[in-house]
Amino acid sequence: MGKWTQSVTAKVLGIGVLALLMTIPLLQVRELVGERQQLREGAIAQIAQGWGGQQVLGGPVLVVPTLRQVAPDGQAAPRWQAGSESVLADALKLDVAMAVETRSYSIYAAPVFVATVKLGAQFRAQDIAQYRRASNATWQGGKAELRLPVGDLRGLQEVTELRINGQPARFESSADRLGSWPNVVVPIDLDALGEQPIDVQIGLKLAGTEALQLLPLARSTDVTIRAPWRDPSFVGAALPLARSIDGHGFSAHWHLLDLNRSYGQHWSDDDNMQPALQASTFGVQLYQPVDVYQRNVRAGKYGLLFIAMTFVAFFLFEVLKRLRVHPVQYLLVGAALATFYVVLLALSEQIGFGPAYALAAAAVAVLVGGYAMAVLRARRAGLLLGGVLGLIYAMLYGLIAAEQYALLIGALVLLAMVALMMYLTRRIDWYAYVTTSSEPTEPPAAIMERS
């Protein structure tokens, strides 16, 4: 092989090594994005601390204290052990209207809501009597409670209505929990009710941040949620049976049966219900589609690819125009391309992702294009390279915006770029083209005059 072939091979390998070295600043940028995400999560926690966090709301649960006679080993006399048993409603209906706004903390923002909830639950007298007879403990019906689980009690702004069998009542605070969630409780005397069913009507206002989930604590659960939010994400164990999403917001309806969950209508305090209850939650998250940090992470994933493509463009100019570019100059161009991601992250937190992307891409394209004019000593080559870089950033933005088709578009773009490079170099004879000069075959003045 000739000297030119050997030098081209070495140059290609050197460019590849430089491109791989640029993964180091790209990884640092990715860590920086992670740190900013953590700061944002901390800001959201600060918003939630004064407003209410991600909320979970269930239907009322009838909890009855019990006494059970046990005979411990080694003791002749039995003793009484206290416990409780829980009974779920036969039917539960929730109508939820969410008022949504965006709250800011420092430069970070999160959607918050106030949910106006109308809740109705009915307990059948037959169910209560059946579970009472089947129990191996003595029910203390006069000390029973209706417990309403609320994920974050800081968000319980107002109880507008509470009626039991048509009679007004008041909630009280409680140290007891349902699974992992705190409760508000209202005493109820089962002995005084006798064989009557229990009808519960509740109205309340519940504030929260980002998400509202519900618990299907009834044999039949009907839920309707409405909110002026155009990007809902339905999460949890059940998707809505019907939903409507338009420019004004969304409306969704769920209908769940006790057969759709992994626990029954009745349990005792000996049962570990937390995993099953947690797994049955469902509801809506106020999704922010492809937010600033998600877009920065997605842009960073293509960083090495576009640095390599820019290096290849420089190399093609070097080969086709018979110019020489030093590895240090490649390294400086790579540093400019890596700086794009830092500038993008910093600006996007202040002015939004779209304008930040446009400014950062324009700045780097002008910087690299101007540098190419000086390095390649050809104005047209510098302008062309700056234009190519701008086109590359435009394609990158398309990949970021195309959430579902990003992989397909990226693969097609990569295929097209490889095909373009093959086309541009199709006439180069890498073995026969030999030069030993370290300078361009044409004087710089001639190149500048032609450009």
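Helices here are DSSP runs of H or I with at least four residues, numbered from the N terminus. I start with that because my opening entry is about a helix residue. I also note that this is a predicted model.

**Entry: leucine 277**

I looked up leucine 277 and found it in helix α5, which covers residues 274-279. Is leucine 277 buried or exposed? It is buried, because its relative accessible area is 0% and buried means under 20%. I then listed what leucine 277 touches, leaving out residues up to four places away in sequence. The list reads Leu178, Gly179, Trp181, Leu215, Leu217, Tyr263 and Trp267.

**Entry: the whole chain**

I stepped back to the protein chain, which has 12 helices and 19 strands. It runs to 451 residues, and 43% of them count as buried. I also looked at contacts with a separation of 6 or more: 77% of them join residues 24 or more positions apart.

**Entry: α6 against α8**

Next I picked helix α6 (residues 292-301) and helix α8 (residues 327-351). Their axes are 10 Å apart, and the packing angle is about 170 degrees. That is over 145 degrees, so α6 is roughly antiparallel to α8. Which residues meet? From α6 I noted Val292, Tyr293, Asn296, Ala299 and Gly300; from α8, Tyr341, Leu344, Leu345, Ser348 and Glu349. Sorted by class, this contact has 6 nonpolar, 3 polar and 1 charged residues.

I checked burial in α6 too, and Tyr293, Asn296 and Ala299 are buried. They sit on the same side of α6, because they cover an arc of only 120 degrees around the axis.

**Entry: α2 against α8**

I stayed with α8 and turned to helix α2, residues 23-51. How do the axes of α2 and α8 cross? They cross at roughly 15 degrees and come within 9 Å. The angle is under 35 degrees, so α2 is roughly parallel to α8. I noted the crossing of α2 past α8 as right-handed. On the α2 side the contact uses Pro25, Leu26, Val29, Leu32, Val33 and Arg36. On the α8 side I wrote down Ala338, Tyr341, Val342, Leu345 and Glu349. By class, the α2 contact with α8 has 9 nonpolar, no polar and 2 charged residues.

Terms used:
Residues numbered from 1 in each chain as written. Predicted model: local features only at pLDDT ≥ 70, side-chain atom pairs only at ≥ 80, totals over all residues. Heavy atoms only, no water. Axes fitted to C-alpha atoms, helices over the stretch in contact; angles between N-to-C directions. Helix = DSSP H or I, 4+ residues; strand = E, 2+ residues; numbered from the N terminus. Parallel < 35°, antiparallel > 145°, perpendicular 65-115°, else oblique. Contact = heavy atoms within 4.5 Å. Nonpolar A, V, L, I, M, F, W, Y, C, P; charged D, E, K, R; others polar. Buried < 20%, exposed > 50% of the residue type's maximum accessible area, 1.4 Å probe, protein only. Arc of directions from axis to C-beta. Left-handed = near helix turned anticlockwise from the far one by under 90°.
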